[in-house]
Amino acid sequence: MSKIKAPKGAPFARIIGVGGYRPVRVVPNEVILETIDSSDEWIRSRSGIETRHWANDEETVAAMSIEASGKAIADAGINADQIGAVVVSTVSHFSQTPAVATEIADKLGTNKAAAFDISAGCAGFGYGLTLAKGMIVEGSAEYVLVIGVERLSDLTDLEDRATAFLFGDGAGAVVVGPSEEPHIGPTVWGSEGDKAGTIKQTVPWNEFLPHSRLRSSGGTATGDVSKLPLDSKGEIKFPAITQEGQAVFRWAVFEMAKVAQQALDAAGITPDDLDVFIPHQANERIIDSMVKTLKLPAHVTVARDVRTTGNTSAASIPLAMERLLATGEAKSGDTALVIGFGAGLVYAATVVTLP
Ligand SMILES: CC(C)(COP(=O)(O)OP(=O)(O)OC[C@H]1O[C@@H](n2cnc3c(N)ncnc32)[C@H](O)[C@@H]1OP(=O)(O)O)[C@@H](O)C(=O)NCCC(=O)NCCS
């Protein structure tokens, strides 16, 4: 028999506040056309993207997160010192250690909250939300701050026709707190590591740094610069995110609609019960296809933040959520299906009540 007493968490959890931060600089497709052979019409029709935001030097991963989190905490109506854990999902924070979450937790004025980063690509928000729900129900924290934040412009190869127009920067945050009723459904999530190569960094850091003292087996850590990709000026390219666009597109369209349906089933609702659909903002054609496959009724509001925010990976769902609520397209208490999917390949879908 166990000597450990049963944990005293809340019966359920819910999102009680949301906030977003978009960098000041708005980048139209015309700027992308300076480095790739494309057209505004092609980019809009193939991806839906018209503009995206790129961060300046001051808009760091931590700074954007703090801005978004401040708004989420105010929206939740709590004080920062009530937050018991800070979970940051990002793939574009350049310091390997420590986690950026600890700096954010400190600067926000939490009372030494637990803080850590996770790496789950464009599914990162759903992964963070699931961890937060678990912590609250299990009793390790009363309130959890979940942040999705990216500076993907740092990791974009502006000469790569397949990705140059896709990515943007920004931060979205939610506060998750205790609830007497279920307001976050079961998460349907998973990974397909056999497809890991379809979205990846062009060159690992140890191979990019030619003078690295790292000695990883099988790599070129000893400094074989001749194997590194070069840009049009003959300079070694900074590592970037690359993808097999069509393979990812097909996977997203065929597999993710099934996952979305499973999340509805797990929550015990049908598309008719939904008010809002907030899929990862990767490509508007993927969004349209999912809406069709799921047979979402016309009354369901669909997030299309990708048009003016681009793909901000872990930040895309909370940013889209924040915008729908701010514009009045969605309202507090609405039932929303959220689904993230991306590098890994990984995915996470769940039904939530909007804050
Ligand atoms: C990237 C993406 C928009 C490309 O669209 P696509 O329709 O698959 O484009 P393709 O790669 O099949 O190329 C189609 C044609 O457009 C051309 N093309 C490719 N990139 C282009 C660009 N940036 N501008 C203009 N033409 C382009 C190709 O050369 C090809 O021409 P061809 O038919 O004469 O050979 C699309 O694959 C996509 O959105 N994939 C998923 C992206 C995503 O969501 N990733 C993140 C997941 S988290």
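**Exercise 1.** Find out how helix H3 passes helix H4 and how the two are oriented.

*Solution.* Keep in mind that this is a predicted model.
- Start with the crossing: H3 passes H4 in a right-handed crossing.
- Next, take the geometry: H3 (residues 61–76) and H4 (residues 100–108) pack at an angle of about 50°, and their axes are 10 Å apart.
- Finally, look at who meets whom: Val61, Ala62, Ser65, Ile66, Ser69, Gly70 and Ile73 of H3 meet Val100, Glu103, Ile104, Lys107 and Leu108 of H4.

**Exercise 2.** Locate the residues that UniProt lists for "active site" and decide where they gather.

*Solution.* 
- The unreviewed UniProt entry lists Cys122, His280 and Asn311 under "active site".
- They span 190 residues in sequence, yet no two of their C-alpha atoms are more than 8.8 Å apart, so they gather at one spot.
- Cys122, His280 and Asn311 are also included in the lining of the largest pocket.

**Exercise 3.** Are His280 and Asn311 buried or exposed?

*Solution.* 
- Buried means under 20% relative accessible area.
- His280, at 2%, counts as buried, and Asn311, at 6%, counts as buried too.
- Now check the contacts beyond four places in sequence: those of His280 include Cys122, Asn311 and Phe341, while those of Asn311 include Cys122, Phe167 and His280.

Conventions: Residues are numbered from 1 along each chain as its sequence is written. This is a predicted model: local features need pLDDT of at least 70, side-chain atom pairs count only at pLDDT 80 or more; totals for chains, interfaces and linings use all residues. Side-chain values use heavy atoms; hydrogens and water are left out. UniProt positions are given in the numbering used here, feature names are shortened, and annotations may be inferred rather than shown by experiment. On a 1 Å grid over the protein atoms alone, a cavity is a set of points where a 1.4 Å probe fits but cannot get out, and a pocket is an open set with protein on both sides within 12 Å along at least five of seven lines; lining residues have an atom within 4 Å of a point. Buried means under 20% relative accessible area, exposed over 50%, partly exposed in between (1.4 Å probe, protein chains only). Contact means heavy atoms within 4.5 Å. Axes are lines fitted to C-alpha atoms, for helices over the stretch in contact, and angles run from 0 to 180 degrees between N-to-C directions. Helices (H or I, at least four residues) and strands (E, at least two) are DSSP runs, numbered from the N terminus. Angles under 35 degrees count as roughly parallel, over 145 as roughly antiparallel, 65 to 115 as roughly perpendicular and the rest as oblique. A crossing is left-handed if the near helix is turned anticlockwise from the far one by less than a right angle, and right-handed if clockwise.
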